[in-house]
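Some labels in a structure description rest on cut-offs. The questions below ask how each label was reached.

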Amino acid sequence: MKIRLLFLEFLLLQRATSENILIWPAEGSHWINMKSIIDELIARGHSVTVAVSSAALYIDYSEPSPVKFEVIQVPFTSDEIQDLMNAMWEFWIYEKPQLSHWEAYRRFSAIMERGIKFTKGICDGVIKNEKLVRKLRETKFKVLLSDPVHHCGDLLALKLGIPFIFSLRFSPGFTVERLCGQIPAPPSYVPATLSEFTDKMSFTERVQNVLYTFMYDWMCKWLWRDWDSYYSEALGEPTTLCETMGKADIWLIRTYW
C-alpha cells in the first residue's frame, strides 16, 4: 500500500500539490532518459532540483532552466570524465566485438573500476559536506529519484530521511536487479544482459548463461566491496551497498516501459 501511494505521489500529483523532488543523475544516455522524467515532473508543477557535479559533461547547469541545480564540487575535471567515457565507447564499439567473452569481461571490469573513483568523489562532495546535507534537508524534499548506475543517491536519501526511487535500464547480468531488487530472473531461463543470448536458448547456451551470470555477480560484488564500508561509515551502522539499494521504494525498469 505504501508503494502504491508513493507511486501516485511521484507521477500523478496534480499541479495544486506541487512537491520538491531531488534528482541524483548519471552521465551520458542515462541523463537523457532521466531528463524526460524531469520534464514531465516540471510540466505537472513540481519543483525539481538536480544534484550535479562541477565536472558534469551532459548537464549544463550554467544555462537558464526551470530545473534548479545544486552543484557539487569535485576534485577532478570534465576532461577526466570525458576520457573515461571515450574508453567506454571505444570498448563497446571497437574492442568488444573482437574479444572473447572472458576478455571482454576483464576489460569491462577495469573500466568500471576506473569509474568508481569519480563516483566516490561526487559522493564525498555531498555526504562529507555537512553544510550541504543540512541545506538539502531544510529544503524538505518529498522524494529522491536516482539512476543506480551512479551510486550514492540511495545513501543521500537515507541521510535526508526521504524515500527514493530508482530509474534503471539494466545492470550487467541483471546483478543489481536480482541481488538487490529481488527481481525474478533465473539464469537458466532469463538471458543475462551483455550475454547476447535471446529468450530461446539451447541447453549449451543456458549453461553458458549461468556461468556469465556468476561472472557478473562476482564482478559487481568485487566492485562493491569498498562501497560496503563507505555506506557503513556514512550511516553509522554495518550495512552493504546492495542492502541499501534494496530499500528503494520503487524500481522503474526502463526496458519495461
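What follows is a set of questions and answers on the terms used for this model.

Q: What kind of model is this, and which residues count for local features?
A: The model is predicted: local features need pLDDT of at least 70, side-chain atom pairs count only at pLDDT 80 or more, and totals for chains, interfaces and linings use all residues. Residues are numbered from 1 along each chain as its sequence is written, and side-chain values use heavy atoms, with hydrogens and water left out.

Q: How many helices and strands does the chain have?
A: The chain has 9 helices and 6 strands. Helices (H or I, at least four residues) and strands (E, at least two) are DSSP runs, numbered from the N terminus.

Q: Why does the radius of gyration agree with a compact globule?
A: The radius is taken over C-alpha atoms, and the globule rule is 2.2 Å times the number of residues to the power 0.38. For 257 residues a compact globule would have a radius near 18 Å; the chain has 19 Å, which agrees. The C-alpha atoms fill a box of roughly 55 × 45 × 35 Å along the principal axes.

Q: What makes Cys-123 and Cys-152 a disulfide?
A: A disulfide is a pair of cysteine sulfur atoms within 2.5 Å. The sulfur atoms of Cys-123 and Cys-152 are 1.8 Å apart, and a disulfide joins these residues. Cys-123 is in helix H4 (residues 101-127) and Cys-152 in the loop between strand S4 (143-146) and helix H6 (153-160), so the pair links distant parts of the chain, 29 residues apart. With 45° about the S-S bond, the link of Cys-123 and Cys-152 is right-handed.

Q: Why is the disulfide of Cys-180 and Cys-242 called left-handed?
A: The torsion about the S-S bond of Cys-180 and Cys-242 is about -120°, so the disulfide is left-handed. Cys-180 lies in helix H7 (residues 175-180) and Cys-242 in helix H9 (residues 241-245), so the pair ties together parts 62 residues apart in sequence. The sulfur atoms of Cys-180 and Cys-242 are 2.0 Å apart.

Q: Is Cys-220 buried or exposed?
A: Buried means under 20% relative accessible area, exposed over 50%, and partly exposed in between (1.4 Å probe, protein chains only). Cys-220 has a relative accessible area of 6%, so Cys-220 is buried. Cys-123 and Cys-152 are buried, and so are Cys-180 and Cys-242. Buried residues make up 48% of the 257 residues in the chain.

Q: Why does Gly-236 count as exposed?
A: Gly-236 has 65% relative accessibility, so Gly-236 counts as exposed. Gly-236 is found in the loop between helix H8 (203-235) and H9. Its C-alpha atom is separated by 26 Å from that of Trp-251, 15 residues apart along the chain.

Q: Why does Asp-217 count as buried, and which residues are in contact with Asp-217?
A: At 10% relative accessibility, Asp-217 counts as buried. Asp-217 is in helix H8. Contact means heavy atoms within 4.5 Å; leaving aside neighbours within four places in sequence, Asp-217 is in contact with Thr-175, Arg-178 and Leu-179.
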